[in-house]
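Here is a friendly walk through one protein model. Have the sequence and the 3D view ready, and follow along as the residues come up.

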Amino acid sequence: MPSAESTQASPHEPGPVRPTREDKVAAASSELIGGPVGRHALLGTSWWTPVRVIALVAIGMFALGLVQKAPCYHSAWFFGASSQYTKACYSDIPHLYQGRGFADGLVPYFDKLTGDMPYLEYPVLTGVFMEVASWLTPHSGSIQHQERWYWMVNAGMLMVCAAVLAVCVVRTHARRPWDGLLVALAPALALTATINWDLLAVALTAAAMLMWSRERPRAFGVLLGLATAAKLYPVLLLGPLFVLCWRAGRWREYRMALGGAIGAWLVVNLPVMAFARDGWWQFYNFSHDRGVDFGSFWLIWSQNSADPPSTDFVNTVATLLVVLCFLGIAALTLMAPRRPRFAQLAFLIVAVFILTNKVYSPQYVLWLIPLAVLARPKWRDFLIWQACEVAYFLGIWLYLAYTTSGDAHKGLPTDGYHWAIAAHLAGTVYLCAVVVRDILVPDRDVVRRAGDDDPSGGVLDGAEDVFVLGAAARPVQYAAPPEGVQVEWGGRPEPAPEDRSL
């Protein structure tokens, strides 16, 4: 399939969507680099194609995130109880090098650890990633020297994941390659990329979304299974995909995707399950037994209640809330006037899991960034959400600085941290609300307004419905779009022959 950057529009096919023409915020922001490209600019004739530009921007932003961690790299990880929090440069990676036995050459899941955590508490593919980084780390010199090296090796591997992530998002919506800039320039990506190992699962999930958009369901399933072997959340995407395939009658493709996901997950997990069962279970036991923790509305409740909810209660209610939300998303999918786009539902299901979960670590924002860009590629809404996430990023470290600085009380007190949590929750709910609005009123969807149906939908793109409920069976009532020309969803309006702006 031709790549987004090399495909030339035919006289009857619209070319790539130019964000500086379609999005006011993007147009205003482009003034920093000279403004929107004019109609007489020669496009498609340079080495600087969208995918290359965006990959380099993503690497550059990732590098800025490494610079932001520099105060901790030099001293704050090793000296002072709260300095890594006051400087907002904390990372799990150097601390777990020794804390999870990599410094001593222990094998994850097989060798038991000393301390409160008996085995490595990460899914198997993430454990493999951590072990490979340990092999590449020089095991000589002081422990601080080794921990710095371990963080740098992991950072290099995670930088590759960030580049893969950006490229996959660029290529998923072939006519909207410049939407990938939202991923590359996301401040939360730069700030949280090296806190933990989540970027591995995020990159694999983005690659899976790309494969589905290219009508390769088995490859989608394999990559999603690998992503689930690195982090649990990607398996949630199989839920909305099931309902979409139900509405479109695409059962064969769904079975291929499901089979690929199960097979890939088993290939990674079965050896550890068979020979290190206790170590394999540690991730799931830890996830179940972990109490209410940072970033969740449950924490606000617990810290403001004389009778805080128990862990079992939170587990039960959080699971029930996710199930109810999934049923709501399923009903929305079957009753919407036009079948929702896959990326919209993928974003919603992961977002509700985050909103209802008993913990929200700051790097969890990485799960949503590519899905948000594919679901709602609108610069204003994306930047509003990112501002809320940056506020939370600063809030959690200042709160930890406050709790670890003793009587000095350097940082943000509990009430202030609750406001930071509220900002994160509000920003995510806001983005969910505009995505739901786009589903209910599809002519407000910026992707469909450009004439596409579901560019990330693969076999679902332009497919006929075979099962709908309620409002979906009635003629569509169009709402007046706030800007631009109303188009028929999935149609191919011919562009003006003179329009070549970026």
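This is a predicted model: local features need pLDDT of at least 70, side-chain atom pairs count only at pLDDT 80 or more; totals for chains, interfaces and linings use all residues.

Residues are numbered from 1 along each chain as its sequence is written, and side-chain values use heavy atoms, with hydrogens and water left out.

**The chain as a whole**

The chain has 22 helices and zero strands; helices (H or I, at least four residues) and strands (E, at least two) are DSSP runs, numbered from the N terminus. Of the 502 residues, 54% are buried. Here buried means under 20% relative accessible area, exposed means over 50%, and partly exposed lies in between (1.4 Å probe, protein chains only). Among contacts with a separation of 6 or more, 74% join residues 24 or more positions apart, where contact means heavy atoms within 4.5 Å. The accessible surface is about 21400 Å², and carbon and sulfur atoms hold 63% of that surface; areas come from the Shrake-Rupley method with a 1.4 Å probe, and for residues only the protein chains shown count as cover.

**Aromatic pairs**

The whole structure contains 38 aromatic pairs. Rings of Phe, Tyr and Trp (its six-membered ring) pair if their centres lie within 6.5 Å; planes under 30 degrees apart are stacked, over 60 edge-to-face, and the rest tilted. Take phenylalanine 294 and tyrosine 417: their ring centres are 6.5 Å apart and their planes stand at 75 degrees, so this pair is edge-to-face. Phenylalanine 294 sits in the loop between helix H15 (277-289) and helix H16 (297-303), while tyrosine 417 belongs to helix H21 (residues 414-440), so the pair ties together parts 123 residues apart in sequence. Phenylalanine 294 is partly exposed at 28% relative accessible area, whereas tyrosine 417 is buried at 0%. Both belong to a cluster linked by ring pairs, together with Tyr233, Phe353, Tyr360, Tyr364, Trp367, Tyr392 and Tyr399.

Elsewhere, the charged end of arginine 148 sits over the ring of tyrosine 73, 5.9 Å from its centre. For this, NZ of Lys or CZ of Arg must be within 6 Å of the ring centre and within 35 degrees of the ring normal.

**Buried residues and their contacts**

Tyrosine 254, in helix H14 (residues 251-275), is buried at 9% relative accessibility. Not counting residues up to four places away in sequence, tyrosine 254 touches Leu238, Leu241, Phe242 and Cys245. Histidine 173 lies in the loop between helix H8 (143-172) and helix H9 (180-184) and is buried at 2%. With that sequence limit of four places, histidine 173 touches Arg341, Leu374, Val447, Pro455 and Ser456.

Most residues other than glycine have a negative phi.
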